[in-house]
Amino acid sequence: MGKVVIPFEVVKIAEDIKAMRIRGAGRIARAAAQALKIAAEKYVEKKDLTEFIKYIDEVAKLLLSTRPTAVSLPNAVMYITSRLKRAKMKTIDEAISLIVKLSNEFIEYSKVATEKIGIIGSRRIQNGDVILTHCNSSAAVSIIINAHKQGKKIKVYATETRPKFQGYITAKALLSEGVDVTLIPDSAVRYIMKKVDKVIVGADTVAANGAVVNKIGTSNIALAAKEARVRMFVAAETYKFSPATVIGELVQIEERSPLEIVSEEYLKEHPNVKVRNPAFDVTPPEYIDAIITEEGLIPPQAAFLVLIEKYGWVIQDYFMKEFKTVKEEYEEWY
Amino acid sequence: MVKKDVALLVSNIVENIKEWNIRSSSGVAEAALETLAKIIKLSSSMNELVNNVTYAMHEIVASRPTSAMLINSFREILLNLKQGLKKYMKHEEMIEILLRRISYLIAKSRSDIEKIATIGANRIVDGDIIITATYSKTIMKIFEKALKQGKRFEVYVAESRPGDDGKIVASELSKMNIPTTLIVDSAMRFFMKDATKSFLGAEAVAANGAVISKVGSSLLALVAHEARVRVFVASSTLKFSYETIFGELVKIPHAPEKTILNEETKARIGKGLKVEIPLLDVIPPEYVDAIITEYGVIAPQALPILMKEIYGKWPPEYPDLQVLIGEIRSWVK
């Protein structure tokens with residue numbers, strides 16, 4: 001049994017993800033799929049199939065260790081590896097070509113997902129709508145731009161999104177397409193809500209019960225929208241759905257550096273002030289009218305359906321061996 | 001027209017108010033009254049006095065039309081002025097009366113803060129985790145008194161954009177050795193589940209018990225209400241808005257763009273970017289559990305009862321500020 005050597009290009013991708021040189025849920029997922037593909041193509045010792053599977057497992061482990069909380073990354077990796085394990089391969093060449101095929105499939109699926117969401121979501125926007133969005137979501141921006149290109153007259157409020165001002169990126173993307181954009185501070189979301197027709201935000205993770213983990217402040221907005229009876233839409237590709245939550249895992253909320261909120265001098269001058277900086281919050285499903293996925297619009301409570309359809313195998317292979325879908329259990333007994 | 005020195009004093013305070021350099025709403029009223037006193041002293045005749053005072057009041061109120069305390073204090077002063085004019089009072093004597101009225105109003109504001117702080121501190125118990133937003137002189141005093149009573153509690157404060165008042169609140173509380181945590185405005189709901197109480201200051205209280213306060217306050221109150229965390233608003237009765245009794249809507253002033261965005265960043269984001277920064281928002285009475293006034297704790301909906309107590313009748317007979325200004329101006333023509 002030889003030592004596993006991971007190709008340089010693959011290690012580089014892993015490092016880039018870890019150092020956040022590759023950012024954004026979609027890009028991370030595609031980079032991981034790409035890394036697996038490269039790893040398979042660069043495999044040289046074409047002797048033993050079990051050795052090869054072991055090697056791919058090592059690559060997967062390396063990729064998974066980069067960003068433990070981002071759900072799109074494990075979804076991409078497991079999408080490929082769980083299908084690989086189930087396909088009864090006879091030769092290494094067969095396995096390699098399967099990985100290449102699965103990787104291409106995933107990359108293609110994730111690439112078109114955002115655009116499909118843009119088209120599906122844009123149908124919910126009417127002429128004259130005032131839309132509020134938060135942070136920077138490619139899927140939410142895609143919806144707005146699609147609606148704008150259909151000739152619908154829309155006005156967008158974008159929150160500045162403290163602490164890192166991702167609202168600027170959203171505003172820039174929309175302005176360059178000629179959309180009417182107004183920037184507001186995050187504190188003004190309830191004030192502005194009475195002028196808003198629809199809220200559209202993205203998601204970092206969708207849990208099995210339909211709760212949406214997204215940029216801090218999303219749940220403030222969802223509550224204010226609910227109070228004002230404004231529709232709340234979450235735009236999320238299916239690779240944002242978390243299989244681990246099906247078996248009861250909690251989504252960990254990352255807390256980031258205080259320096260994103262205050263300066264180093266402020267911290268030095270005020271050693272007694274604690275600064276807490278959670279990056280995400282959880283919006284309960286009852287505040288969300290629909291999640292717009294590339295497969296269609298679903299009520300958030302139906303997130304389970306997406307998870308079973310897309311990640312049923314992943315759940316069995318990676319989270320709970322005895323886990324079975326209803327269909328599988330039925331087939332086993334009858 | 002007014003003289004240069006008066007115009008300068010007025011434009012100074014107006015700018016400070018508009019750019020949110022004076023953070024607390026009681027602070028705004030006190031600073032305005034102090035400026036007014038200076039302007040009164042600069043007046044060398046009755047005509048000039050009336051001109052200066054009405055000019056200053058008009059400009060200052062226009063910069064902060066929501067501040068009930070500003071409007072109420074100015075009205076008291078104008079009523080004195082009107083009475084003096086009726087009696088053909090000498091201008092030196094008039095000045096003395098007006099200055100005395102101003103000192104009384106400033107002193108009342110300060111003593112109200114003290115009384116409210118005593119009552120508010122009584123609501124704090126050991127182990128409380130209090131969440132607040134924006135800078136309020138009265139709320140700071142409540143924390144100070146509770147600490148003096150030996151109560152052990154923690155404070156979470158939202159950054160409170162625009163103006164980042166929360167950073168100053170955190171700074172002052174930490175100097176008092178009160179355990180303080182600073183969070184972004186967006187994190188209000190995230191941390192609300194840890195909070196036991198919420199305290200907010202007020203800019204004005206409307207006739208239906210709605211509270212006008214710095215923007216973000218109504219979001220905090222909504223989030224607190226959802227989590228069943230009690231919301232206490234500290235407000236002197238000087239901040240009760242009489243105009244709203246007669247259906248006048250409170251107009252929300254907006255902050256200049258530069259309070260959240262510099263020119264360079266704006267240009268980088270793109271051509272045509274609009275910016276909207278409301279300075280205040282309105283908390284509906286159903287989200288407020290109690291208003292702590294200098295006369296005690298009341299339900300927001302009980303505001304008319306307290307007004308009747310203070311003014312002897314309901315509705316109180318109080319002339320509109322702009323009408324009063326017009327009347328007094330016509331007197332000197």
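Let me start with a helix on a sheet: α9(B) lies across β6 and β9 of chain B and runs at about 30 degrees to β9(B). Axes here are lines fitted to C-alpha atoms, for helices over the stretch in contact, and angles run from 0 to 180 degrees between N-to-C directions. Contact between two residues requires C-beta atoms, placed from the backbone, within 7 Å. Helices (H or I, at least four residues) and strands (E, at least two) are DSSP runs, numbered from the N terminus.

This is a predicted model, in which local features need pLDDT of at least 70 and side-chain atom pairs count only at pLDDT 80 or more, while totals for chains, interfaces and linings use all residues. Residues are numbered from 1 along each chain as its sequence is written, and chains are lettered from A and ligands numbered from 1 in the order in which they are written.

Now the sheet under that helix. In chain B, three strands in the order β5-β6-β9 make an open, antiparallel sheet. Its edges are β5 (204–205) and β9 (280–283) of chain B, each with a single partner strand, so one side of each has no neighbour in the sheet. Pairing means that DSSP finds at least two bridges between two strands. Strand β6 (residues 211–214) of chain B is joined to β9(B) by four bridges, and B:I212 sits opposite B:V282 in β9(B).

Next, the chain interface. Here 40 residues of chain B are in contact with 37 residues of chain A. On the chain B side, the elements giving two or more residues are α7 (165–175), β3 (180–183), α8 (188–192), α9 (217–226) and β8 (274–275). The largest share, five residues, comes from α9(B), the helix that lies across β6 and β9 of chain B. By class, that side of chain B has 19 nonpolar, eleven polar and ten charged residues. Nonpolar covers Ala, Val, Leu, Ile, Met, Phe, Trp, Tyr, Cys and Pro; charged covers Asp, Glu, Lys and Arg; the others, Gly among them, are polar.

There is strand pairing between the chains: strand β3 (residues 180–184) of chain A and β8(B) pair in the parallel sense over two bridges. A:T182 stands opposite B:K274 in β8(B).

Last, the domains. An automatic or database domain assignment supplies the bounds: domain 1 of chain B is 4–113 + 319–331, and domain 2 is 116–311. In contact are 20 residues of domain 1 of chain B and 31 residues of domain 2 of chain B.
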